[in-house]
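Here are some notes to read alongside the model. They are set out as numbered points.

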Amino acid sequence: MVWKIDQISKANLKDAILIEGLPGMGNVGKIAVDFLIDALDAKKVYEITSNHLPHCVFVNEENMVELPEIEVFHKNIKGKSFLFLSGDIQPLDEVSCYEFCHSVLDTFQKGKGKEIVTLGGIGLGNIPEEPKVYCTGNNKKIIDKFSKSKAVSNNIHGVVGPIVGVSGLLTGLAGKRKIPAVSLLAETFGHPNYLGIKGAKEILKALDKEYKFNLDLSELDADINLAEKTIKKKLNKTTKLSKQPTQTDTDYIG
């Protein structure tokens with residue numbers, strides 16, 4: 001088994017729009033897609049499994065083990081079909097990432113999918129006060145559709161290097177199949193412990209404006225404040241420790 005996609009429920013897919021958000025920089029894409037799944041009460045339609053996923057299990061809130069999962073959810077909104085791709089992990093290496101993206105695209109084409117939107121973060125050295133959202137893609141028309149808003153910029157050349165992982169590769173490979181795809185990337189803090197909720201919120205605003213989801217994003221504000229307070233405390237502690245004088249004899253280790 002490489003990548004196996006099991007359909008677990010039926011969905012009326014017509015000209016579907018796929019929105020992908022897997023773990024990455026600041027987990028921006030995953031936060032945004034998971035919010036959409038919950039807010040829109042989307043129904044799970046596909047489970048994706050592979051022996052290329054990590055050899056581990058997670059312990060959930062009920063103290064039970066769960067295998068790493070990648071899932072696809074579905075929701076019809078105002079006559080449009082939406083698929084939301086989320087999961088616990090990205091493919092672990094280059095080969096498995098290519099295989100995963102091709103498997104997703106094969107299934108998407110069988111369902112006569114219309115367009116793809118991938119989500120991710122751009123890591124900065126500091127927490128951005130007002131994260132900018134940039135877009136790029138494989139098709140001028142879909143890029144223009146999102147960048148017509150002042151909130152999304154397509155002037156991305158030189159801002160980011162290679163877009164690594166599913167968010168980049170799915171967009172590129174979709175172009176080879178003549179499937180329009182765009183990647184929305186929000187600025188976030190590049191610290192490994194930082195949750196990019198603020199950047200995810202800006203991406204959700206852009207998606208809401210384009211697709212008319214009618215989202216209530218106010219509940220994210222408390223999460224943003226908590227995430228920033230937590231990381232600032234950790235950074236302050238790290239800064240204080242780094243300023244401690246070096247001692248030849250250490251009398252306390254902890």
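1. Start with the end of helix H5: the residue that follows is Lys212, and its phi is positive, near 55°. This is a predicted model, and the angle is computed from its atoms.

2. H5 itself runs over residues 197-211. From first C-alpha to last, its 15 residues reach 20 Å, close to the 21 Å expected at 1.5 Å a residue.

3. Is H5 mostly covered or mostly exposed? The helix is mostly covered, with 12 of its 15 residues buried. Among the buried residues are Ile203, Leu204 and Leu207, but also Lys198, Lys201, Asp208 and Glu210.

4. Turning to the strands, E3 (residues 43-49) pairs with E1 (residues 4-7) in the antiparallel sense over 4 bridges. E3 also pairs with E6 (residues 70-77), again antiparallel, over 5 bridges. Tyr46 in E3 stands opposite Gln7 and opposite Val72 in E6.

5. Tyr46 comes up again at the cavity. The search of the whole structure finds 1 cavity of 30 Å³ or more, and the largest cavity holds about 150 Å³ of space. Of the 14 residues lining it, Tyr46, Leu83, Val104, Thr107 and Phe108 lie nearest its centre.

6. Which elements supply at least two residues each of this lining? They are E3, strand E7 (80-87) and helix H2 (94-110). H2 gives the largest share, 3 residues. By class, the lining has 11 nonpolar residues, 3 polar ones and no charged ones.

Note on methods:
Residues numbered from 1 in each chain as written. Predicted model: local features only at pLDDT ≥ 70, side-chain atom pairs only at ≥ 80, totals over all residues. Heavy atoms only, no water. Pairing = 2+ DSSP bridges. Expected span 1.5 Å × (residues − 1). Buried < 20%, exposed > 50% of the residue type's maximum accessible area, 1.4 Å probe, protein only. 1 Å grid on protein atoms, 1.4 Å probe; cavity = no way out; pocket = protein on both sides within 12 Å on 5 of 7 lines; lining within 4 Å. Points joined across faces, edges and corners; volume = space filled by probe spheres on them. Nonpolar A, V, L, I, M, F, W, Y, C, P; charged D, E, K, R; others polar.
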